Amino acid sequence: MVGNYVYSILLGMSVADISGKAIANLEVESLRHVAPTFHGDTLYGETTVLDKWESTSKDDRGVVHVETIGYNQDGTIVCTFRRLVMVPKQSYLAARGGEQPGRPVPRPDRNWPGSAPR
């Protein structure tokens, strides 16, 4: 599979935990495709926080340095990348009226009759 597709899948998998409410994605520091992926592979991703610090220019936000490792169903590492994400601090949220919007809650309809998550 094309490397950019693999990277995009892994990045998307980390959004809910890492950057879903980020102010900005600042930088992809490194990106390595370590092994090939093939049609039918199952991808897993694991993200680790490497460091964090307060912004030097604005006191209502911080920067988080993370590394994501993607591997296939056999446990073979296929992709690794490190990035910097700007995230809000509590003062940022308070100044803007509370919690930032996150993911919308799914509503049942004719295409999806299940109940909404709690």
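**Burial, pairing and the sheet**

Modeller: The model is a predicted one. Let us begin with R61, which is buried, with a relative accessible area of 10%.

Colleague: With which residue does the side chain of R61 meet in a salt bridge?

Modeller: Side chains of opposite charge can pair when their charged atoms come close. For R61, the N to O distance in the salt bridge is 2.8 Å.

Colleague: Is R82 buried, partly exposed or exposed?

Modeller: The relative accessible area of R82 is 30%. Buried requires under 20% and exposed over 50%, so R82 is partly exposed.

Colleague: Which residue forms a salt bridge with K89?

Modeller: The structure holds three salt bridges, and in the one formed by K89 the closest N and O atoms are 3.3 Å apart. K89 lies in the loop between β4 and α2 (90-95) and its partner in strand β2, so the pair ties together parts that are 35 residues apart in sequence. The partner is E54.

Colleague: In what order do the four strands form the open sheet?

Modeller: From the N terminus on, the elements of the protein chain run α-β-β-β-β-α. The four strands pair in the antiparallel sense, and their order in the open sheet is β1-β4-β3-β2.

Colleague: Why is one side of β1 and of β2 left without a neighbour in the sheet?

Modeller: β1 (24-33) and β2 (44-54) each have a single partner strand, so one side of each has no neighbour in the sheet. The reason is therefore their place at the edges.

Colleague: What is the bridge partner of S30 in β4?

Modeller: β1 and strand β4 (residues 77-88) pair in the antiparallel sense over eight bridges. In β4, R32 has T80 as its bridge partner, and S30 has R82.

Colleague: Which residue in the turn between β3 and β4 has a positive phi?

Modeller: β3 and β4 pair over 11 bridges, and H65 has L84 in β4 as its bridge partner. The two strands form a hairpin with five residues between them. The residue in its turn with a positive phi of about 90 degrees is G75.

Colleague: What angle does the direction of helix α1 make with that of β4?

Modeller: Helix α1 (residues 3-19) packs on the sheet and touches β1, β2, β3 (61-71) and β4. Its direction and that of β4 make an angle of about 40 degrees.

Colleague: Is S19 buried or exposed?

Modeller: S19 lies in helix α1. Leaving aside neighbours within four places in sequence, S19 is in contact with S14, N25, R83 and V85. Its relative accessibility is 10%, so S19 counts as buried.

Colleague: What accessible area do M1, V2 and Y5 have together?

Modeller: Y5 has its place in helix α1. With M1 and V2, Y5 forms a nonpolar patch on the surface, and their accessible area together is about 340 Å².

Notes:
Residues are numbered from 1 along each chain as its sequence is written. This is a predicted model: local features need pLDDT of at least 70, side-chain atom pairs count only at pLDDT 80 or more; totals for chains, interfaces and linings use all residues. Side-chain values use heavy atoms; hydrogens and water are left out. Two strands pair if DSSP finds at least two bridges between them. Contact means heavy atoms within 4.5 Å. Axes are lines fitted to C-alpha atoms, for helices over the stretch in contact, and angles run from 0 to 180 degrees between N-to-C directions. Patches are made of residues with over 30% relative accessible area and no salt bridge: like charges are joined within 9 Å, nonpolar side chains (Val, Leu, Ile, Met, Phe, Trp, Tyr) within 5 Å. Accessible areas come from the Shrake-Rupley method with a 1.4 Å probe; for residues, only the protein chains shown count as cover. A salt bridge is a side-chain nitrogen of Lys or Arg within 4 Å of a carboxyl oxygen of Asp or Glu. Buried means under 20% relative accessible area, exposed over 50%, partly exposed in between (1.4 Å probe, protein chains only).
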